[in-house]
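Please look through the structure shown here and follow the paragraphs below, which lead from the confidence of the model to its sheet, its helices and its charged side chains.

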Amino acid sequence: MSLFQAENISKSYGEKGLFEEISFSISQGQKVALIARNGAGKTTLLNIIAGVDQPDSGSCAFQSDLRLAYLNQEPEFDPGITISEALLSSDNELTNTIRAYEEFIHQTPNPEDPAQQKRLQKLIERMDALQAWDYESRVKQVLTKLKIGRLDAKAGTLSGGQTKRLALAKILIEEADFILLDEPTNHLDLDMIEWLEGYLSRKKLTLLVVTHDRYFLDAVCNEIIELENGQLHHYRGNYAYFLEKKQERLQADAAQSDKATNLLRKETEWMRRTPQARTTKSKARIDAFYDLEGKAGLAKEETMGKIYMDMARMGKKILEVSHIKKSYDELTVVDDFSYVFKKREKAGIVGPNGTGKSTLLNIITGKVKPDEGSVIKGETIKFGYYRQEGLRVDENKKVIEVIKDIAENITMGNGKVFSAAQFLHYFNFPFQVQNDRVEKLSGGEKRRLYLMTVLMKNPNFLILDEPTNDLDIDTLNILEEFLEDFPGCLLIVSHDRFFLDRLVDHLFVFEAPGKIKGFVGNYSAWRVKRQKEEASRKKTEKPKETSKPTKPREKKKLTFKEQKEFEALEKEIENLESEKEALLKKMNASGLPPDELVQISQRFSAVEKTLEEKSDRWLELSEWV
């Protein structure tokens, strides 16, 4: 069943055309990824679907009564409302019903008033139909996993990352019919991303996602739409399938382009004849000539080439970090960390948000002074520091002025010298874009421009703090290829697991507050090790729950006491199931006084909780029966 249909949508900004007469549909249960290079119009297309922007032509059609939720790149909330109010601020049936029910209950309705009794009955029926009774538990699960704390905190006190996580939580809790997500993994740490990946994979949701996280794409999405040269290409499969089929398409396009080029040479000779040689009968051949021109250029999309950058000479002494410590008030973010960096090291830094990863980078680069310890940099070391917050520049400046402020000419690693304009074109900023103001660039284009300003200074020690945010997958692949061959040192903070796996050979892991532990291997190897440790810890913790924790033994059967408990549990669970069913029938019945309905609702919640606890214990004992 189709939930959404786009018909012949076109959009341009001035002379810049994004897409022309594109059409596609999304059916219930589909989880679709939208892939395109930066500036191609991914966010614009999502804005059009969400009704935030309008197409130049074409239309969007939705299934009637469709509940749509949109997570944009920079969500905003009224700064004066609380987190709790923000979560219930949507104007949809679920949140409106919950809000109306809670407000009605708090008013202490008069049980003698038939109108109030009827109103409460209708609210309870809607709560049942919308499965709204488990809303509180769903809220707690999502808020815990996304690490959103006090519900009474004002939205205006949240950082940009916290605001993005709050907006994501709001969407997940509501469980709309059709969800649009624009870079949902930005501002999430690795544990949050893996939880979100599992959550979206298991839920029967309909999604349209813009993301550069390739592991996320592979695990969550069952279809990929690629926006390229203003047109759409469909791939019914995950990211691995997309890579295989795109390669086949590009090879076919290249063969078609080569064939068309050969024909074009012959047709060009004919077109150059004098006008007198052309008759009205030649019109079809002239039209075919222009068609060939188009086909010959099929495989010539503007993309970045391989990056060749020069690097400052590196001496024997690189960087020595000795017993550094840093605290902010009561919070210790780095506690007695030491390490001696060697040539060509490629290290990654992982850990939850807010644990001090960026602080460590700022200490290493001298932006922040440690409370204790020292950082000794080799005389030849030249840092290139790509900060998480991105480009800091006057957005009224022209793109080319940003580069010229650093250097008029840039020496590349292959010995070529580029002018500022050539350098921008090399990084896929066409000449017509170079005189645009920075404010007109997309988020990914700003990131790419920032990366240029870091690399053009020819550093020999690159420090990258979340470099993958908002970069398209093509740019990421080219950047990864450059960093793989980079002859200097590399230190990366990233939540992109694919990026870390491809580039780093060891990790610094932020564990307990301030404690940094080394690990030899990439992210996936560390993840496997951590999972094994967690499984082993849970296994060793089980005997502590028994009556004799100091003498663990292999359990072969239940004790007499446990056997009796097991038999009693079966009867108790049966009784609880019966009571739950009876309570549900009462709640759905008409004619009950409001105060009695409230009591039944409270008892229903208590029975559900007890039933869950009893069932867990029954399952535990059943393993030994």
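Predicted model: local features only at pLDDT ≥ 70, side-chain atom pairs only at ≥ 80, totals over all residues.

A residue is called buried if its relative accessible area is under 20%, exposed if that area is over 50%, and partly exposed in between, with a 1.4 Å probe and protein chains only.

Residues are numbered from 1 along each chain as its sequence is written, and side-chain values use heavy atoms, with hydrogens and water left out. The pLDDT is the predictor's confidence in each residue, on a scale from 0 to 100; the protein chain averages 82, and 84% of the residues score at least 70. Helices (H or I, at least four residues) and strands (E, at least two) are DSSP runs, numbered from the N terminus. Among these elements, strand S18 (residues 489-493) has the highest mean pLDDT, 95, whereas helix H10 (residues 283-296) has the lowest, 55. Over residues 544-555 the pLDDT stays under 50, and for this stretch the model has 6 contacts beyond four places in sequence, a contact being heavy atoms within 4.5 Å.

We can now turn to a sheet. Strands of a sheet pair through backbone hydrogen bonds, either parallel or antiparallel, and here two strands are said to pair if DSSP finds at least two bridges between them. An open sheet of 6 strands has the order S5-S6-S7-S3-S8-S9, with mixed pairing. Its edge strands are S5 (68-71) and S9 (231-235), each of which pairs on one side only. From one strand to the next the twist averages 15 degrees, where axes are lines fitted to C-alpha atoms (for helices over the stretch in contact) and angles run from 0 to 180 degrees between N-to-C directions. At one end of the order, strand S8 (residues 223-228) and S9 pair in the antiparallel sense over 5 bridges, and Glu 226 has His 233 in S9 as its bridge partner.

Helix H1 (residues 42-50) packs on this sheet, where it touches S3 (31-35), S5, S6 and S7 (207-210), and its direction makes about 150 degrees with that of S6. Because 7 of its 9 residues are buried, H1 is largely enclosed by the rest of the structure; among the buried ones are Leu 45, Leu 46, Ile 48 and Ile 49. After H1 comes Gly 51, whose phi is positive, near 85 degrees.

From its first C-alpha to its last H14 reaches 19 Å, close to the 18 Å expected at 1.5 Å a residue, the expected span being 1.5 Å times one less than the number of residues.

The charged side chains come next. A salt bridge is a side-chain nitrogen of Lys or Arg within 4 Å of a carboxyl oxygen of Asp or Glu, and by this rule the count comes to 30. One of them joins Asp 496 to Arg 214, with the closest N and O atoms 3.7 Å apart. Asp 496 lies in the loop between S18 and helix H16 (497-503) and Arg 214 in helix H8 (residues 214-220), so the pair ties together parts that are 282 residues apart in sequence. Arg 214 is buried, at 1% relative accessibility, and both residues belong to a network of salt bridges that also links Glu 480, Glu 484 and Arg 502.

Another salt bridge joins Lys 529 to Glu 533, with the closest N and O atoms 2.5 Å apart. Both of these residues lie in helix H17 (residues 523-541), 4 residues apart, about one turn of the helix. Lys 529 is partly exposed, with a relative accessible area of 33%, and Glu 533 counts as partly exposed at 41%.
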